[in-house]
Amino acid sequence: METPPSEVMDDSKAKQEELAKAIMARCFHPSVNGPESWEGYVFSGLEIRVKESTDLYGAVLWPSAMVLCHFLETSQDKHNLTDKNVIELGAGTGLVTIVSSLLGAKVTSTDLPEVLGNLQYNVTRNTKDRCKYIPLVTELIWGQDVERRFPRATHRFDYILAADVVYAHPYLDELMDTFDHLCQEDTQILWAMRFRLDPENSFVERFQQRFHVEELYDLPSLSIKLYRAWRKDRRTRDQGEAAA
Ligand SMILES: C[S@@+](CC[C@H](N)C(=O)[O-])C[C@H]1O[C@@H](n2cnc3c(N)ncnc32)[C@H](O)[C@@H]1O
């Protein structure tokens, strides 16, 4: 007997809810507040302590980062990061960089200059003596000097990771160009996207003109989707743009 559609829908909603709960349960708060405030996470069987700072956007941890980390840890059969070249855009407090490094990747962790101090602190604190490769923390301002700092001829990344980098900021075109520059034929983009406003939906539409996109998670209770993307070859993209 076939399952009625409404039951299928309820079942998938329940699964999404369960997944969202499992992801958020990765976070714990310190039982006693010491002189320094931090958030705790458990990934790869290890406790990760991340220092946040309330005065900077990039120094607060956003749930999209937990979604991406959960996927990376639980999808190692399909996406084994061991010895892979990985770059993270808008790394913020560094959770995604830390988890990818614990999973064996060679990570370049990037953000705006003013965020790098806290990012470096968190990355060092959580990866020292725990990882095969020491992650590199460095500046990458979207759209600025990207070819000079990351020449395509010498910088080939297996994965581009990004969590919650699309929101109401004026650099969406520069971000798109940065994805485009860094993403080569064999590169996969894993991008956790939190939906808040309309400009963000239109970014996804424009992104789909340049990249093939697969939806990996849809978590309505968190307003987050996780995407995997890869380059459309030049011919397919040109045909798509001509038809638009
Ligand atoms: C909402 S936070 C997300 C931080 C982190 N990925 C997370 O999920 O916890 C957005 C990040 O993008 C960075 N960012 C914003 N504009 C940027 C730009 N023009 N170039 C590079 N990074 C930028 C911010 O500094 C911040 O770390």
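Me: How many residues does helix 2 have, and how far does it reach from its first C-alpha to its last?

Reply: Helix 2 has twelve residues and reaches 17 Å between those two atoms, close to the 16 Å expected at 1.5 Å a residue. The expected span is 1.5 Å times one less than the number of residues. The model is predicted: local features need pLDDT of at least 70, side-chain atom pairs count only at pLDDT 80 or more, and totals for chains, interfaces and linings use all residues. Residues are numbered from 1 along each chain as its sequence is written.

Me: What makes up the secondary structure of the protein?

Reply: The protein has eight helices and ten strands.

Me: Which residues of helix 2 are called buried?

Reply: They are S64, A65, M66, V67, L68, C69, H70 and L72. A residue is buried if 20 or more other C-beta atoms, placed from the backbone, lie within 10 Å of its own, exposed if 12 or fewer do, and partly exposed in between. T74, also in helix 2, has 14 C-beta neighbours inside 10 Å and therefore counts as partly exposed. Across the protein, 33% of the 244 residues are buried.

Me: Which residues touch the most other members of the largest nonpolar core?

Reply: In this core of 55 residues, they are V67, L68, C69, L95, V96, V99 and I160. Helix 2 (residues 63-74) gives the core its largest share, six residues. A nonpolar core is a set of buried Ala, Val, Leu, Ile, Met, Phe, Trp, Tyr and Cys residues joined through C-beta atoms within 7 Å. Not counting residues up to four places away in sequence, L68 touches V96, L161, A163, L190, A192 and L226.

Me: Why are the buried residues of helix 4 said to be on the same side?

Reply: The residues concerned are N118, L119, N122, V123, N126 and T127. They cover an arc of only 135° around the axis, so they lie on the same side of helix 4; the arc is taken from the directions from the helix axis to the C-beta atoms. Their cover includes strand 3 (46-51), helix 3 (95-102), strand 5 (106-111) and strand 6 (136-139).

Me: How do strand 5 and strand 6 run, and how many bridges join them?

Reply: Strands 5 and 6 run parallel and are joined by four bridges. They count as paired because pairing requires that DSSP find at least two bridges between two strands. S109 has V137 of strand 6 as its bridge partner. The chain passes from strand 5 through helix 4 to strand 6 in a right-handed β-α-β crossover.

Me: Why is D129 called exposed?

Reply: D129 counts as exposed because it has 4 C-beta neighbours inside 10 Å. D129 is located in the loop between helix 4 and strand 6, and its phi is positive, near 60°. Most residues other than glycine have a negative phi. S44, in the loop between strand 2 and strand 3, also has a positive phi, near 55°. S44 is partly exposed, with 16 other C-beta atoms within 10 Å.

Notes. Contact = placed C-beta atoms within 7 Å. Right-handed = clockwise from strand over helix to strand, strands pointing away.
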